[in-house]
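Hi everyone, thanks for coming. Let's look at how two chains meet, and then at what lies inside.

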Amino acid sequence: MVGSPVFLAGTPSGPGSFAKGDLKVAESAVHSTTAGDDPSRRDFIHIAALAAAAGAGATIVWPLIDQMNPSADTVALASVEYDLTKIESGQQVTINWRGKPLFIRNRTQAQIDAAVRDDAAVLKDPQADALRHKEGKAQWLILVGSCTHLGCVPTVGGGEYGGWFCPCHGSTYDTSGRIRKGPAPTNLVVPDYAFLSDTKVKIG
Amino acid sequence: MSGHSTYEPKPGFSRWLDQRLPITRLVWDSFVDYPTPRNLNYWYTFGGILSLCLGIQIVSGIVLSMHYTASAGEAFASVEHIMRDVNYGWLLRYTHANGASMFFIAVYLHMFRGLYYGSYKPPREVLWILGCVIYLLMMATAFMGYVLPWGQMSFHGAVVITNIIGAIPVVGGPILTWLQGGFAVDNATLNRFFSLHYLLPFMIAGVVVLHVWALHVVGQNNPTGIDPKSKADTLPFTPYATVKDGFAMSVFLILFAVFVFYMPNALGHADNYIEANPLVTPAHIVPEWYFLPFYAILRAVPDKVMGVVAMFGAIGVLFALPWLDTSKVRSMRYRPMAKLYFVILVVACIILGFCGAKLPDDQVIPGLETFKILESDLNSFVWLSRLATLYYFAYFLVVMPLLGLLETPLETPETIASPALSHPAAMPAGAMAAPEKKG
């Protein structure tokens, strides 16, 4: 280890910072061939001390940062079951799911037809209507009710496409929840859900 | 802080303290004997007014927090409790809520003053940047404070503003969740906002100390923009600046009192007296008036990420301004063309504020249909805000760099004192140039 070139290269302190008497003691103690103390050993101590301090600092800072992430009870999100018989054709209900609104819309045949017809239209975030509902359940459209722009709750039936209209910045969605106009970048999000029976749905 | 100290402590305690902690000397040198340019006008009183505002907000805020409950279930009711049950609670809350608005009125006038007189130009770059940092901290503090009453505007304002973070590609989502402490704005968000709302004013106070320090190192700018050259150009801070600042503060406090006592809700939004409901967004969501220009810029850009970039860029250009302005002349008093562009900038900012309060697709002039091109109606607030946004950025990125090279400035006076002392209005017959020096 004496005179290891790697450590020598990074030596910051010259021998000038030591008194003459100290140098002699250091020389005899570590049998160094150069004038002064053993720089490689000193650098090792510096690097080791800095590394230990950095590691200790990181382990202290991380809990301070991570405490802001969702707590265990927030992460342990319950799923929601909903009885669809309560929703008449053409109606929408809004329920609270994971602190956000969830739209469950019972679409009329005309609304479904309009959505399917627009599969061929120029879409910002192209997706066929058939991929946005469960097979054979075209009337049931289940969406997270947060505008993909900045998270406002769009109003049902608003806008020129008869889907949703966001009052905050004017994003307009069609009857499939696809973005058609305005600043929102993507379609309204379809959450994970499953039909437990013909009239019961489980979201999450 | 230029020159040596003239403080002479009295024998006894003053001298004893001065040798151990020269704090009285610091105050004397900074706020009594400190030389100020003799031609400072009332636009230069807003620094003192802003210190007063910060003091009012901190004092009223500390007492309000003794009665407020930071909990999604109880926050709204606790604010009503302050309004109805706490002794003088209505006064404290109205002072604090309107105090934020008064703070921003003062800071905007302070900033436009700096823009007009070239107070950002060398050697005041660091002073200016520290001011921009204070402004950013003020915006963060005001935003989080507005969330605390947990009304409809509080809640959905918080949703919109925190979701701005989500616009950052790739890492935006996890950062948003981290910031909100959940998957939506909720109790965790409210609690951390309360904590930070309490913390940030003290950080502002810290940066204000740096701001004043930097000011006292480089010295105050003045309406002529030229540096003081001799003692004839300056007056001692006390009594000249203290009295002038004190008078301006009194006038400012009258305006403040008019709001607090006669129209305490004029600057707020009625929807914030409805408790937060995550399932329904108010039909017309607007931020507080002092954020409206930035809100208009955000909405002017059709793309989500670029809208956010433009909004932050609007503040970012302020930081770069000392290096964007190429003019050798500091004050626009001697820059006729710059003066014109400056006035247009002020108008553009007011237009942006106006647009921010309107629905984007509404018509500026109702009924006018001639400006429809393809699918867009140029007679709409979104297009008006696009125009104003364009000018805002052009002022900083095009006009400021080019104008310094193109315009011919007027001749600047030799010293501050020469025009001030020769002006007939300023010098009636028999008046003394420096009355404090006589008798």
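Buried area, as I use the term, is the accessible area (1.4 Å probe) that two parts lose on being put together, summed over both. Between chain B and chain A that comes to about 2300 Å², with carbon and sulfur atoms giving 64%. Before we go on: this is a predicted model, where local features need pLDDT of at least 70, side-chain atom pairs count only at pLDDT 80 or more, and totals for chains, interfaces and linings use all residues. Residues are numbered from 1 along each chain as its sequence is written, chains are lettered from A in the order in which they are written, and side-chain values use heavy atoms, without hydrogens and water.

If we count contacts (heavy atoms within 4.5 Å), 26 residues of chain B meet 28 residues of chain A.

Now, the inside. A nonpolar core here is a set of buried (under 20% relative accessible area, 1.4 Å probe, protein chains only) Ala, Val, Leu, Ile, Met, Phe, Trp, Tyr and Cys residues joined through side-chain atoms within 4.5 Å. The largest has 117 residues, and B:F104, B:W150, B:Y392 and B:F396 have the most contacts inside it. Apart from that core lies another of 15 residues, including A:I87 and A:V201. As for B:W150, its contacts beyond four places in sequence include B:F76, B:F155 and B:L190.

Technical notes
Buried means under 20% relative accessible area, exposed over 50%, partly exposed in between (1.4 Å probe, protein chains only).
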